[in-house]
Amino acid sequence: MTTFTVPYSGISNRLGEAEARALTEVLNQDTLAMGPVSRRFEEAFADYLGAGHVQATNSCTTALFLAAQVLDLNEGDEVITTPQTFWVTPWPLQARGVRIRFADIDPDSLNIDPGAIEALITERTRSIWVVHHGGQAVDMDPVMDIARRHGLTVLEDCAHAPGATYKGRKVGTIGDIGCFSFHSLKNMTTGEGGAFVTRHADLAEKARALGTIHTWGPMAPRSSSRIGPHPRPAYYRDAHTRSAFEYDFTGGYEIGNNYRMSEIAAALGVVQLSKLDQLNARRQEIAQTLDGGLQDIPGISVQRHRPESPHIHHLYTLFYDPAEVGAPKDAFIELMQETEGIEIVLRYFPLHLLPEFRALGHQYGECPAAERTYFDHQVQLPIYTHLTDAQIIHMIEALQRSVATLQRRGARS
């Protein structure tokens, strides 16, 4: 088993005394669920983003499921999204029978290519779901222009990008809904956790109900406040009756779920949010050092700097050129892991080529830029705030040695 000099860390940043104090305080509360700290975190995150409404959830996945519900996306509808993302981004759509159409990516940012979206729009298209891959914002202006012209909603998957901006605006506040992750690996962490963000009061109201174990649908006042022979109690109130005595549903309704963030997670979130800009700055500093060290290595290139969308580097991506080096990407990754001790975890296998999407008719050749970039070029190096200077230098020197070794092998063959 390889012992890694630069391992892939299971946590994005080391927690400290401030987080420990926050946990101690919350453990002394009268409740660990639906308490004051969750509300405090929601308010702080809304203030940080400049967002109208924030609902803390127990993961980004549940925030995405909530989004699919509140947008009323159902069987027969179509949603356009990217193949370059974690497989849970389209899960809520699959669960509701929505047809997913994959738009190809920009091979540098790895974000959805706005120029690939419009050709996929049909009369059934309802929404565009973008992902700010790796911590760099999607080019949102053309996406929003397309959405406005076709009457579509836009969801931003911001799992990689808390604190990232596009033309001065925080991601998650540009589209109709933003969904965030605070998983252990993310730039700020609550262990597990997420957030549903929207500027629309009606979507926020619906999300609050559905995310806290309620149902949602059209209702009308009942002509009688009795249920069978039993009148509405005059003295006691049982919250579990909800509106049973007062209202009846008049049509279909949505079943809610428990997507709430715990008080423990929220306590971590309040502290981590106060550090977020500092944590992102450290990642940018590491990436800048890597960029400088890698720029002159033959066959290696780094992501382009985009002033309108500064990269906060949840991921650090480089691009490997097998033709220039004279060896396939697999050989490069094997050297980096087995010889140099740098653990490589690639992000992400093109979704349209997973078995569940091939079963729906998706196939190789559908998104050529995503396919070419994944199979031949993209590599992610470990990046987290507790990387040491020695580890960063080791990665740069390891890349230099690995490429030189592969070139020598090619010259001999």
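This is a predicted model: local features need pLDDT of at least 70, side-chain atom pairs count only at pLDDT 80 or more; totals for chains, interfaces and linings use all residues.

With which residue does Glu246 form a salt bridge? The partner is Arg232, and the closest N and O atoms of the two residues are 3.0 Å apart, where a salt bridge is a side-chain nitrogen of Lys or Arg within 4 Å of a carboxyl oxygen of Asp or Glu. Both residues lie in the loop between strand S13 (230-231) and strand S14 (247-249), so the pair ties together parts that are 14 residues apart in sequence. Glu246 is partly exposed at 27% relative accessibility, and Arg232 is partly exposed as well, at 37%; here buried means under 20% relative accessible area, exposed over 50%, and partly exposed in between, with a 1.4 Å probe and protein chains only. Helices (H or I, at least four residues) and strands (E, at least two) are DSSP runs, numbered from the N terminus.

Residues are numbered from 1 along each chain as its sequence is written, and side-chain values use heavy atoms, with hydrogens and water left out.

The structure holds 17 salt bridges, among them one between the side chains of Lys275 and Glu19, with 2.8 Å from N to O. This pair links distant parts of the chain, since Lys275 belongs to helix H7 (residues 263-294) and Glu19 to helix H1 (residues 17-27), 256 residues apart. Lys275 is partly exposed, with a relative accessible area of 24%, whereas Glu19 is buried at 1%. Another salt bridge, also 2.8 Å from N to O, joins the side chains of Arg126 and Asp77. Arg126 sits in strand S4 (residues 125-131) and Asp77 in the loop between helix H3 (60-70) and strand S2 (78-81), so that parts 49 residues apart in sequence are tied together. In this pair Arg126 is partly exposed at 32%, and Asp77 is buried at 13%. Asp106, Asp108 and Arg306, in turn, are linked in a network of salt bridges.

Three strands form an open sheet in the order S16-S17-S18, with antiparallel pairing, two strands being paired if DSSP finds at least two bridges between them. The edge strands, each pairing on one side only, are strand S16 (300-302) and strand S18 (378-381), and the twist averages 35° from one strand to the next. Four bridges join strand S17 (residues 316-320) to S18, and these two run antiparallel; Phe319 stands opposite Gln378 in S18. H7 packs on the sheet and touches S16, S17 and S18, its direction making about 15° with that of S17, where axes are lines fitted to C-alpha atoms, for helices over the stretch in contact, and angles run from 0 to 180 degrees between N-to-C directions.

Asp376 lies in helix H11 (residues 368-377) and is partly exposed at 34% relative accessibility. Leaving aside its neighbours within four places in sequence, Asp376 is in contact (heavy atoms within 4.5 Å) with Tyr320, Pro322 and Lys329. The C-alpha atoms of Asp376 and Pro322 are separated by 7.0 Å, although the two residues are 54 apart along the chain.

Some details of the backbone also deserve attention. A cis peptide bond, with omega about 0°, joins Arg347 and Tyr348, and Tyr348 is found in the loop between helix H9 (329-339) and helix H10 (355-358). Met34, which is not a glycine, has a positive phi of about 55°; Met34 is placed in the loop between H1 and helix H2 (36-49) and is exposed at 55% relative accessibility.

Taken as a whole, the chain contains twelve helices and 18 strands. Its radius of gyration is 24 Å, close to the 22 Å that the globule rule gives for 413 residues, so the chain is as compact as a globular protein of that length; the radius is taken over C-alpha atoms, and the rule is 2.2 Å times the number of residues to the power 0.38. Buried residues make up 53% of the 413 residues, and among contacts between residues at least 6 apart in sequence, 74% join residues at least 24 apart.
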